[in-house]
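Please read the following briefing alongside the sequence and the coordinates.

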Amino acid sequence: MRLRPNVKRRGALFDLRHFRDTPYAIFCIAFALMIASVYIPFFFIEDYGLKLKMDADTSFYLLSVMNAASLVGRVVPNWLADRSVRP
């Protein structure tokens, strides 16, 4: 049995042909905006707290409060769904 030769095709690193498909392009734009809207508040929450004239120490802990609320918001609805819907 002979092995195939290892032929690697070299192409463009980023090919724009895929974005000619309109639904795919709309999906990519919407997904990028959705990811930005989820993560941007985590970067600016401390500055927002300072803008609202919060104490510097308190505004520092806003990120921890957001993460704790995120944990509760991810666990509690799933727990409630498991308890309310029986297979």
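Of the 87 residues in the chain, 5% are buried, where buried means under 20% relative accessible area, exposed means over 50% and partly exposed lies in between, with a 1.4 Å probe and protein chains only. The model is a predicted one, in which local features need pLDDT of at least 70 and side-chain atom pairs count only at pLDDT 80 or more, while totals for chains, interfaces and linings use all residues. Residues are numbered from 1 along each chain as its sequence is written, and side-chain values use heavy atoms, with hydrogens and water left out.

**Overall form and confidence**

- The secondary structure of the chain comes to three helices and zero strands, with helices (H or I, at least four residues) and strands (E, at least two) taken as DSSP runs numbered from the N terminus.
- The radius of gyration of the chain is 23 Å, well over the 12 Å that the globule rule gives for 87 residues, so the chain is more spread out than a compact globule; this radius is taken over C-alpha atoms, and the rule is 2.2 Å times the number of residues to the power 0.38.
- Along its principal axes, the C-alpha trace spans about 70 × 45 × 35 Å.
- The mean pLDDT of the chain is 88, and 99% of its residues reach 70 or more, pLDDT being the predictor's confidence in each residue, from 0 to 100.

**Helix α1**

- Helix α1, residues 22-51, has 30 residues and reaches 41 Å from its first C-alpha to its last, close to the 44 Å expected at 1.5 Å a residue, the expected span being 1.5 Å times one less than the number of residues.
- A kink of about 50° in α1 is centred on Phe-44, the bend at a residue being the angle between axes fitted to the seven residues ending there and the seven starting there.
- The buried residues of α1 are Ala-25, Ile-45 and Gly-49, and what covers them includes α2 (56-60) and α3 (62-84).
- After α1 comes Lys-53, whose phi is positive, near 65°.

- Ser-59, which lies in helix α2, is buried because its relative accessible area is 1%.
- Not counting residues up to four places away in sequence, Ser-59 touches Glu-46, Gly-49, Leu-50 and Met-54, where contact means heavy atoms within 4.5 Å.
- Leu-63, in helix α3, counts as partly exposed because its relative accessibility is 33%.
- With residues up to four places away in sequence again left out, Leu-63 touches Phe-42 and Ile-45.
- Leu-63 and Phe-44 are 19 residues apart in sequence and 9.2 Å apart in space, C-alpha to C-alpha.
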